[in-house]
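Welcome! Here is a short briefing to read alongside the sequence and the 3D view.

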Amino acid sequence: QVQLVESGGGLVQAGGSLELSCVASGNIFRFNAVGWYRQAPGKQRELVARITSGGNTNYADSVKGRFTISRDNAKNRVYLQMNSLKPEDTAVYYCNTVNSGGSPLLPSWGQGTQVTVSS
C-alpha cells in the first residue's frame, strides 16, 4: 500500500510563506500527475494545485499567483510553495496522485499537514 507523508505546515501570519513537502513510498509519483488538496473545517476537500509528470501545472483561482507546485522525481517528492498567505488558506493540506479531472487516484490519504494563517 502506498503511503503519503505531508510535512511543512505551521502557524504563520497573513502575508507570510510556507513550503509544504509530500513524499510517497515507491515510485508512484514518477509517472503520475500529483495534486495538493486542502480541507478547511466544515468544508469539502478541494484541489488547489496539480502538476503533471511532465511538469505542467494548474492552480485553483483562489491560489493562482501565490502558490507554486513543483516536483523532484529523483526524490519522489512534490512541493507546494505558498506565498502571500491569507487567513482563508487555513486548512489541512494533503497530496495525492490525481487524474485529469482533478479526482484523487489513491484510495488512502496521508495524515496531512496543518496550515494556520493568522490575521
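Serine 84 counts as partly exposed because its relative accessibility is 41%, which falls between the 20% limit for buried and the 50% limit for exposed. This serine sits in the loop between β8 and β9. Please keep in mind that the model is predicted.

- Most residues other than glycine have a negative phi.
- Serine 84 has a positive phi of about 50 degrees, although it is not a glycine.
- Asparagine 76 also has a positive phi, near 55 degrees, and is likewise a residue other than glycine.
- You will find asparagine 76 in the loop that runs between β7 (67-72) and β8 (77-82).
- Is asparagine 76 buried or exposed? With a relative accessible area of 6%, asparagine 76 is buried, because buried means under 20%.

- Leucine 105 belongs to the loop between β9 (91-97) and β10 (113-118).
- Its relative accessibility is 45%, so leucine 105 counts as partly exposed.
- Which residues does leucine 105 touch, leaving aside those up to four places away in sequence? They are Asn96, Thr97, Val98 and Asn99.
- Valine 78 lies 27 residues from leucine 105 along the chain, and the C-alpha atoms of the two are separated by 16 Å.

**The fold as a whole**

- The chain has 10 strands and 0 helices.
- Taken along the principal axes, a box of roughly 40 × 25 × 25 Å is filled by the C-alpha atoms.
- If you take the contacts between residues at least 6 apart in sequence, 56% of them join residues at least 24 apart.

**Inside, surface and charge**

- How much of the chain is buried? Of its 119 residues, 42% count as buried.
- The accessible surface of the chain is about 6,000 Å², and carbon and sulfur atoms account for 46% of that area.
- There are 11 positive and 7 negative side chains in the chain.
- The centres of these two sets of charges lie 4 Å apart.

Key
Residues numbered from 1 in each chain as written. Predicted model: local features only at pLDDT ≥ 70, side-chain atom pairs only at ≥ 80, totals over all residues. Heavy atoms only, no water. Helix = DSSP H or I, 4+ residues; strand = E, 2+ residues; numbered from the N terminus. Buried < 20%, exposed > 50% of the residue type's maximum accessible area, 1.4 Å probe, protein only. Contact = heavy atoms within 4.5 Å. Areas by Shrake-Rupley, 256 points an atom, 1.4 Å probe, with all protein chains shown as cover. Lys, Arg positive; Asp, Glu negative; His and termini not counted. Charge placed at Lys NZ, Arg CZ, Asp CG, Glu CD.
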